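Reader: I've got a model open and would like to learn how to read its packing. Could you walk me through it?

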Amino acid sequence: MNPPTPPTPGIKVPPPLIYVSALLIGIGIKRVWPMSPLPTFWAYTAGATLIIASVLIMPPVLLRFRRAGTTFDVRKAASALITDGPYRFSRNPTYVSLTMLYVGLGAVLNNAWILLLLVPVLLTMDVFVIRREEKHLEEKFGHRYLQYKASVRRWL
């Protein structure tokens, strides 16, 4: 007998809060120990490009959620499996977008600490968000999700 599907993925903290927390920590550390990785022109150029790309990813993602009639909040149970649009290229286009925005802000602020904190941010996302979300989707959608998972990369 299979255990019942959990009503939610069990994610406690919204992913944007993870990124914002690291961003603020990086800003705080830079005040004490300044470290800038790039010449200003390149930092702004790279950062602005990533921020713009990040912003462009979100409308098609949000449109898919609206059309599917499912929640965008990963702390709530999914009611539909979305596999089209940006989800053809990544199982987590929202997290790709958040990561691009985070790195872009780190570059625009020319803050090496923000960029270094990307590693713990991604580890936190993997352990406390993505793995739980994937387990929930496997339990909720079964073979359909497993097929999708086997054919589309987690990030890019």
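What follows is a short walk from the overall fold to the helix contacts and cores.

Author: First, the ground rules: this is a predicted model, where local features need pLDDT of at least 70 and side-chain atom pairs count only at pLDDT 80 or more, while totals for chains, interfaces and linings use all residues. Residues are numbered from 1 along each chain as its sequence is written, and side-chain values use heavy atoms, with hydrogens and water left out.

Reader: How many helices and strands are there in the protein chain?

Author: Elements are DSSP runs numbered from the N terminus: helices are H or I with at least four residues, strands are E with at least two. Here you get six helices and zero strands. The C-alpha trace spans about 55 × 25 × 25 Å along its principal axes.

Reader: And what share of the residues counts as buried?

Author: Buried means under 20% relative accessible area, exposed over 50%, partly exposed in between (1.4 Å probe, protein chains only). Of the 156 residues, 37% count as buried.

Reader: At what angle do the axes of α1 and α5 cross?

Author: Axes are lines fitted to C-alpha atoms, for helices over the stretch in contact, with angles from 0 to 180 degrees between N-to-C directions. Helix α1 (residues 15-32) and helix α5 (residues 118-141) have axes that come within 10 Å and cross at roughly 155°. That makes the pair roughly antiparallel; the label goes to angles over 145 degrees, with under 35 roughly parallel, 65 to 115 roughly perpendicular and the rest oblique.

Reader: Which residues make the contact?

Author: Contact means heavy atoms within 4.5 Å. On α1 these are P15, I18, Y19 and A22; on α5 they are V121, L122, T124, M125 and V129.

Reader: Which residues touch the most other members of the largest nonpolar core?

Author: A nonpolar core is a set of buried Ala, Val, Leu, Ile, Met, Phe, Trp, Tyr and Cys residues joined through side-chain atoms within 4.5 Å. Of the 15 residues in the largest one, I18, Y19, Y95, Y102, V121, M125 and V129 touch the most other members. Two or more residues each come from α1, α3 (93-108) and α5, and α5 gives the most, with five. Leaving aside neighbours within four places in sequence, Y102 contacts Y19, A22, L23, I114, L117, L118 and V121. A second, separate core of twelve residues includes I82, Y87, Y145 and Y148.

Reader: Is T94 buried or exposed?

Author: T94, in helix α3, has a relative accessible area of 13%, so T94 is buried. Beyond neighbours within four places in sequence, T94 is in contact with M58, V61, F72 and Y87.
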